[in-house]
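Open the model in your viewer and keep the selection panel at hand. The stops below say what to select next and what is there.

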Amino acid sequence: MSIFESIDNVKYQISRFLWPTIFFVSGILLLRMAMIPVEHELNNGDILVVKQDSLFLYGALFFIVGSIIWYLYLFGVLNNLIGFIVMGIMGIASAYLLYQDYYVIKKDVDYIARYNMIDTDIKARMLDIKAAESAYKEFYKKYTSNLDTLIWFVKNGKKMTVPNVGKLPERRLTTEEIAYIYGDNRPADKLMTDQEANALANSPNPPADLIDFSRDTVYRPVLDAIFYDQKYIANRNKFEASLDFHPDSLRYVPHTNILVKLDTGSVSKGDFKVPTLQIQMIHPMDSLKVYQIGDLYDNHLRDNWSK
């Protein structure tokens, strides 16, 4: 036999055993995947353990058994007809079982993706409500537990702002400036404050270094002052929420028609009553996952998910 005939024979033998070998190795790998669970970390830090369905195990075994039968056929242990029939049945059964398991795995993957999406959207909406309640308290000196009232305020309310226009001069007041502001001759022992500079800027003859200075209080629509502010939008975008801000949606847990739970109260701080707020949502796919901002018995607006 020539060297060329030997090479051709080797190629022929490799081509004969290539596919059953691929089937056998694939079966071993699938069997390993079927025996070892896969862990996925959710947005809240919990670990979801995904075990392969029993169909996946059967599919792996069919691949292994099918490859063994293929080998028996190639070695002449089984005749052509029986080998083709058995391999055909095994191939169809394996493909069907693997498809069924792919469907099961896809459901798990879709579940995790939806869980994390809702988790992110809930956190973003909770912070929207927190911002709205903070502006409401700034204006009315209290929080509200009424969602309709809060949404109306977001759409129609005003927020007090003090724009910083101009730079505060780093100097003391002159004798004339003290007389204008305070009506006396007290000593100028400290640098000028914002309030003093603003009073001088609004005087009939403002100093040259205060002509463009302003610290006057203005009232802007809540939507413009907070929710359409570029800094707020940038911070909100960090959550990568799938839902954009909309005032009418503040009443609902994202992706549901479940109402947000708002509660208000107060705590004593010395001789004063301080208003308190508690915002709560429950993950619609996990009744044990409760998101909360604030506390009825403490005047803070911290969330319960930040680390």
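A polar contact here is a pair of N or O atoms within 3.5 Å; within protein, one must be able to donate a hydrogen and the other to accept it, and residues adjacent in sequence count only if both atoms are side-chain atoms. This is a predicted model, in which local features need pLDDT of at least 70 and side-chain atom pairs count only at pLDDT 80 or more, while totals for chains, interfaces and linings use all residues. Residues are numbered from 1 along each chain as its sequence is written, and side-chain values use heavy atoms, with hydrogens and water left out.

**Whole chain**

Start with the cartoon: the protein chain has eight helices and seven strands. These are DSSP runs numbered from the N terminus, with helices being H or I of at least four residues and strands E of at least two. Of the 307 residues, 34% are buried. Buried means under 20% relative accessible area, exposed over 50%, and partly exposed in between (1.4 Å probe, protein chains only). Switch to the surface: the accessible area is about 19300 Å², and carbon and sulfur atoms hold 58% of it. The areas come from the Shrake-Rupley method with a 1.4 Å probe; for residues, only the protein chains shown count as cover.

**Helix 4**

Select residues 147-156, which form helix 4. At the N-terminal end, Asn-146 is the cap, with a side-chain oxygen 2.9 Å from the backbone nitrogen of Asp-148. The buried residues of helix 4 are Leu-147, Leu-150, Ile-151, Phe-153 and Val-154. Look down the axis: these buried residues fall within an arc of 155 degrees, so they line one face of the helix. The arc is that of the directions from the helix axis to the C-beta atoms.

**Aromatic rings**

Rings of Phe, Tyr and Trp (its six-membered ring) pair if their centres lie within 6.5 Å; planes under 30 degrees apart count as stacked, over 60 as edge-to-face and the rest as tilted. The count by this rule is 10 aromatic pairs. Select Tyr-136 and Tyr-140: the ring centres are 4.6 Å apart and the planes stand at 40 degrees, so the pair is tilted. Both belong to helix 3 (residues 80-140), where being four residues apart separates them by about one helical turn. Tyr-136 is buried at 8% relative accessible area, whereas Tyr-140 is partly exposed at 36%.

Next, select Tyr-291 and Trp-305, an edge-to-face pair with 6.1 Å between centres and 65 degrees between planes. Tyr-291 is in strand 7 (residues 290-294) and Trp-305 in the segment after strand 7, 14 residues apart. Both are buried.

To see a cluster, select Tyr-136, Phe-139, Tyr-140, Phe-153 and Tyr-219, which ring pairs link together.

**Loops**

Which residues does Ser-214 contact, leaving aside its neighbours within four places in sequence? They are Pro-163, Asn-164, Val-165 and Asn-198, where contact means heavy atoms within 4.5 Å. Ser-214 lies in the loop between helix 6 (194-201) and strand 4 (218-221) and is buried, at 19%.

Finish with Glu-240, in the loop between helix 8 (230-237) and strand 5 (261-269). Its phi is near 55 degrees, a positive value in a residue other than glycine. Glu-240 is exposed, with a relative accessible area of 68%.
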